Amino acid sequence: MFPTQVTLVEVGPRDGLQNEALPVPAVHKIELVHRLQAAGLKEIEVTSFVSPKWVPQMADNAAVLAGIRRAPGVRYSVLTPNLKGLEGALGGDGEAAADPLSARRPDEVVVFAAASEAFSRKNINCSIAESVQRFQPVVEAAHAAGLKVRSAISCALGCPYQGEVTADEVEHVVRLMKSIGVDHCGVADTIGVGTPRAVRAAMERALKHYPLVEVSGHFHDTYGQALANIYACLEMGVHTFDASVAGLGGCPYAKGATGNVATEDVLFMLQGMGIATGVDLDRLVDAGAFICGVLGRAPTSRAGKALLARRGVAVEAPA
Ligand code: HMG
Ligand code: MG
């Protein structure tokens, strides 16, 4: 039985833009968020409070978060890998932290850990258990500030170093995230190698520890499997998926790396299946065309490209 409604979590402004080599001005990132919320998206990951030395593109995080004109009913999330990130997300000076209605506060923060021990060691030089333990104070402080905490379990379907990642390994991190009080479990296929059976097995493990409403899929589309994987999740009743408008994402330094599944493509499939999202496809395509105009390239969304071609509209350039 398929769900009748799906929540799309738009991660384009964060996951999509974080690897762009040339700086994207904050004003365009803010405009992108405005267009996404105008299209009906109710969950938007707007930026990340990470080290600007590692991810220079997200260095304008505070300006982006503060510049968004909040729309009612929209939840705004940001990535916070440590306490420094959480403090930044809460305004640094404590002013926004003290005011739950502050426009500068996110509604939700995201922490991430790998399901692959090899990836954890190579990437952040510590074990998975140690990496999750480091999030404990972030989770506690986020909860104390009234924020929900979402997790992303990276490399849940495959790892660039160790190759295959088992469902047992996924469950190990799910358990750890649960043990430190993380509210939501996102199963992430960072390198896009997952296929439906493996995705199903990983999701089953997440669902052993979290209810359906707190489990989501985050599929990069590197090998073109993301829609099939989302379909497999829908069959299980999973009804929350991350996606990136215009298929934004990928690393300019890693050949072949691609972004998350394009939001337009997921929406096109869901509409065809009669599953409600509250998102307007035409306005979403406009948002994708806008940011692609800023970046000076065509969208990688298949549905987005097809709809733009049908309209005979060229990619929109920034004002
Ligand atoms: P660290 O342990 O402090 O060590 O940060 P470091 O050496 O990496 O950091 C050194 C400098 O960064 C220091 O500054 C820190 O103060 C500063 P310095 O003293 O040299 O001037 N710093 C920070 N500055 C601002 N905000 C912060 C922050 N933290 C440290 N929050 C850390 C470790 C992980 C924070 C750092 O390495 C980092 O920010 N890395 C980038 C991680 C990242 O953004 N990755 C991409 C996002 S995750 C993702 O895309 C996966 C996902 O989409 C799911 C999937 O697809 O799998 C979610
Ligand atoms: Mg990702």
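Guide: A residue counts as buried under 20% relative accessible area, as exposed over 50%, and as partly exposed in between, with a 1.4 Å probe and protein chains only. This is a predicted model, in which local features need pLDDT of at least 70, side-chain atom pairs count only at pLDDT 80 or more, and totals for chains, interfaces and linings use all residues. Residues are numbered from 1 along each chain as its sequence is written, and side-chain values use heavy atoms, with hydrogens and water left out.

First, the setting. The protein contains 14 helices and 8 strands; these are DSSP runs, helices being H or I of at least four residues and strands E of at least two, numbered from the N terminus. Of its 319 residues, 53% count as buried.

Now the rings. A pair of aromatic rings is described by the distance of the centres and the angle of the planes. Rings of Phe, Tyr and Trp (its six-membered ring) pair if their centres lie within 6.5 Å; planes under 30 degrees apart count as stacked, over 60 as edge-to-face and the rest as tilted. The structure holds 2 such pairs.

One of them joins phenylalanine 2 and tyrosine 231, edge-to-face, with 5.3 Å from centre to centre and 65° between the planes. This pair links distant parts of the chain, 229 residues apart: phenylalanine 2 lies in the segment before strand E1 (7-10), and tyrosine 231 belongs to helix H11 (residues 226-235). Phenylalanine 2 counts as partly exposed because its relative accessibility is 33%. Tyrosine 231 has 35%, so tyrosine 231 also counts as partly exposed.

The other pair is tilted: phenylalanine 119 and tyrosine 161 have ring centres 5.9 Å apart and planes at 40°. Tyrosine 161, with a relative accessible area of 43%, is partly exposed.

Terms used
Chains lettered and ligands numbered in written order.
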